[in-house]
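Take a moment to look over the sequence and the model before reading on.

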Amino acid sequence: MGGRSGCLFCSPSFTGIKIQPLSSYTFPCSYTFPYFSFTFSPHQTHSLSFPKLMSQPLSLNSAPLAEADTDSSAAPSLFDYHSIDQKLLQNIVYDALVWSTLNCLLVGDKSVQRSETVPGVGLVHLPLCLLPGPFPESHWKQACELAPIFNELVDRVSLDGKFLQESLSRTKNADEFTSRLLDIHSQMLQINKTEDIRLAIMRSDYMVDDKTKSLLQIEMNTISTSFALIGCLMTGLHKSLISQYGNILGLDPNRVPANNAVDQSAEALAKGWSEYNNPRAAILVVVQVEERNMYEQHYISALLRDKYHIKSIRKTLAEVDQEGEILPDGTLSVDGQPISVVYFRAGYTPKDYPSESEWRARLLMEQSSAIKCPSISYHLVGTKKIQQELAKPGVLERFVENKDHVAKLRACFAGLWSLEDSDIVKNAIENPELFVMKPQREGGGNNIYGNDMKESLLKLQEAGSEEDAAYILMQRIFPATFPAILVRDGNWSTGHVIAEAGIFGTYLRNKDKIIINKESGYMVRTKVSSSYEGGVLPGFGVVDTVYLT
């Protein structure tokens with residue numbers, strides 16, 4: 001997820017039901033912006049017209065919401081959102097779109113060419129789930145409790161350079177991108193480069209397997225973990241809608257967990273800046289050349305400026321190569337500005353390195369004394385191959401002394417295997433519906449499923465090369481489905497969906513002193529159950545929250 005949102009284990013169609021045009025809608029209500037409160041007077045009626053808000057606008061009754069049909073006979077059974085009265089549903093969708101616009105739950109519209117480079121151009125609401133789906137509270141608590149344990153695990157593994165190099169040695173020969181990352185890591189080992197101050201904003205993604213009723217980890221994201229702001233905004237949207245319509249729908253806004261992910265991300269960066277102890281230094285946000293989700297990044301920069309009085313600058317990898325240098329004392333300077341923290345919102349995919357310029361920039365930053373969020377070693381810990389290696393018997397104990405923590409980590413591991421395991425490969429070829437084939441890639445849309453996976457495995461067997469080292473096999477997880485209303489481009493559609501919950505974790509350590517190690521909010525993605533992939537910005541999934549049951 002620039003900002004990487006990761007992926008779910010499907011391509012849903014959002015053509016849905018298109019509603020007739022709307023000229024205006026009249027209502028009294030209150031909205032809260034990220035920075036301030038904007039309130040409509042309850043004693044006046046305000047008319048707002050949004051003729052260009054939706055590509056296919058909704059058609060609503062012009063009566064104020066307070067006078068809308070709230071007959072309890074319109075209420076569906078709990079979570080049976082497909083049974084919501086059509087008139088009521090149109091009201092809820094409209095209010096969701098207004099709230100999303102007023103509160104900046106927005107990204108650049110991919111159909112508008114300049115929307116990825118020029119702020120304020122071609123905005124569209126995030127694809128979203130209208131109302132939250134059920135999630136077991138016990139599993140939610142389990143996921144939150146795992147965050148600081150995973151944070152510490154990532155840190156411990158990052159310090160074992162030999163383990164990282166050996167575990168990824170076969171992958172290095174088969175995957176050029178991983179090979180280049182390992183080369184940088186190897187150079188840091190050769191010069192004995194230590195990271196006394198280590199900072200990470202991570203996210204661990206989970207699903208609840210319906211058959212075993214187990215919380216299982218999909219992946220651990222250690223670089224460019226995005227949607228912290230989007231997660232908070234979705235929490236605000238769902239709490240607002242449930243506060244307004246909860247009596248009809250039988251929902252309680254307090255069952256949607258509170259979310260402070262974006263504040264926690266900014267706090268971690270600010271405390272990292274403070275530990276670096278150079279008041280003249282700035283935080284460098286490394287960004288992609290084109291970024292539809294730039295507003296989340298700008299929001300974090302605004303928090304750093306307004307709340308912590310810390311300057312941040314945005315640069316692409318190519319710009320860092322052109323403008324960056326390491327001063328004699330090891331300080332990273334970019335365009336004359338000393339840098340304390342390098343916050344990566346790019347650099348996680350081969351597409352971010354179109355030339356040697358970008359690789360030079362990555363090496364330059366790693367060689368400097370700046371705090372990297374994340375360092376090259378933290379980045380490598382987040383690869384699929386390391387995830388699979390840690391799931392092997394006895395490996396966790398190498399890094400985690402607490403037996404209770406080992407048990408909790410193992411309990412959430414799905415089945416993970418190397419393609420060197422011929423028995424598992426044979427099983428996957430015979431039962432492709434039970435497995436997922438995953439490359440060493442981030443950002444969604446990279447996994448291989450079903451017959452495509454079967455054909456890929458057979459080709460790798462025939463080739464007899466080390467190309468199989470570029471992949472791992474993972475158990476396919478089958479969560480329970482639930483009915484949902486999906487909203488994209490101002491249109492809504494129905495579908496049976498599954499959800500993936502991502503729990504953020506922040507970690508900051510200065511030598512032996514742990515300054516931050518905690519769970520730090522969440523984001524949720526939902527996708528149609530028949531689809532394989534679930535990345536939101538690529539067009540597969542939608543953003544969501546959970547309703548604790």
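A cavity is a set of grid points where a 1.4 Å probe fits but cannot get out, and its lining residues are those with an atom within 4 Å of such a point. With that in mind, and remembering that this is a predicted model, we can begin with the largest cavity, which holds about 100 Å³ of space. Its lining is made up of F150, L153, V154, Q217, M220, V381, G382, I386, Q387, L390 and F413. When the lining residues of the largest cavity are sorted by class, 8 are nonpolar, 3 are polar and none is charged.

The second largest cavity, with a volume of about 80 Å³, has a lining formed by F177, T178, L181, Y348, H379, T383, K384, P439, Q440, R441 and E442. Which helix gives the most to the lining of the second largest cavity? That is helix α5, running over residues 176–190, which supplies 3 residues. In the lining of this second largest cavity, 4 residues are nonpolar, 4 are polar and 3 are charged, whereas the lining of the largest cavity has no charged residue.

Pockets, unlike cavities, are open sets of points, and the second largest pocket of this model contains about 330 Å³ of space. The lining of the second largest pocket counts 17 residues, and those nearest its centre are S158, L159, K193, T194 and E195. By class, the lining of the second largest pocket divides into 5 nonpolar, 7 polar and 5 charged residues.

From these spaces we can turn to a pair of helices. The axes of helix α6 (residues 228–249) and helix α7 (residues 261–276) come within 7 Å of each other, and they cross at roughly 150°. Because an angle over 145 degrees counts as roughly antiparallel, α6 and α7 are roughly antiparallel to each other. Where the two helices meet, A228, L229 and C232 belong to α6, while A261, V262 and S265 belong to α7. The residues of this contact of α6 with α7 comprise 5 nonpolar and 1 polar, with no charged residue among them.

Helix α7 also contains E267. Is E267 buried or exposed? Its relative accessible area is 18%, and because buried means under 20%, E267 counts as buried. If we leave aside its neighbours within four places in sequence, E267 is in contact with Y308 and K518.

Some details of the backbone deserve attention as well. The peptide bond from C373 to P374 is cis, with omega near 10°, and P374 is placed in the loop between β16 (371–373) and α11. Two other residues, neither of them a glycine, have a positive phi: N277 with a value near 65°, and H309 with a value of about 60°. The loop that holds N277 runs between α7 and β11 (282–286), and the loop that holds H309 runs between α8 (294–308) and β12 (312–315). N277 is exposed, with a relative accessible area of 64%, and H309 is likewise exposed, with a relative accessible area of 66%.

E500, in strand β21 (residues 491–510), counts as buried, with 0% relative accessibility. The C-alpha atoms of E500 and T526 are separated by 6.3 Å, although these residues are 26 residues apart along the chain. V487 is placed in strand β20 (residues 482–488) and, at 1% relative accessibility, counts as buried too. How many residues apart along the chain are V487 and L130? They are 357 residues apart, and yet their C-alpha atoms are separated by 6.6 Å. Leaving aside the neighbours within four places in sequence, the residues in contact with V487 are V93, L97, H125, L126, P127, L128, L130 and W492.

Terms used: Residues are numbered from 1 along each chain as its sequence is written. This is a predicted model: local features need pLDDT of at least 70, side-chain atom pairs count only at pLDDT 80 or more; totals for chains, interfaces and linings use all residues. Side-chain values use heavy atoms; hydrogens and water are left out. On a 1 Å grid over the protein atoms alone, a cavity is a set of points where a 1.4 Å probe fits but cannot get out, and a pocket is an open set with protein on both sides within 12 Å along at least five of seven lines; lining residues have an atom within 4 Å of a point. Grid points are joined across faces, edges and corners, and a volume is the space filled by probe spheres set on the points. Ala, Val, Leu, Ile, Met, Phe, Trp, Tyr, Cys and Pro count as nonpolar, Asp, Glu, Lys and Arg as charged, and the others, Gly among them, as polar. Helices (H or I, at least four residues) and strands (E, at least two) are DSSP runs, numbered from the N terminus. Axes are lines fitted to C-alpha atoms, for helices over the stretch in contact, and angles run from 0 to 180 degrees between N-to-C directions. Angles under 35 degrees count as roughly parallel, over 145 as roughly antiparallel, 65 to 115 as roughly perpendicular and the rest as oblique. Contact means heavy atoms within 4.5 Å. Buried means under 20% relative accessible area, exposed over 50%, partly exposed in between (1.4 Å probe, protein chains only).
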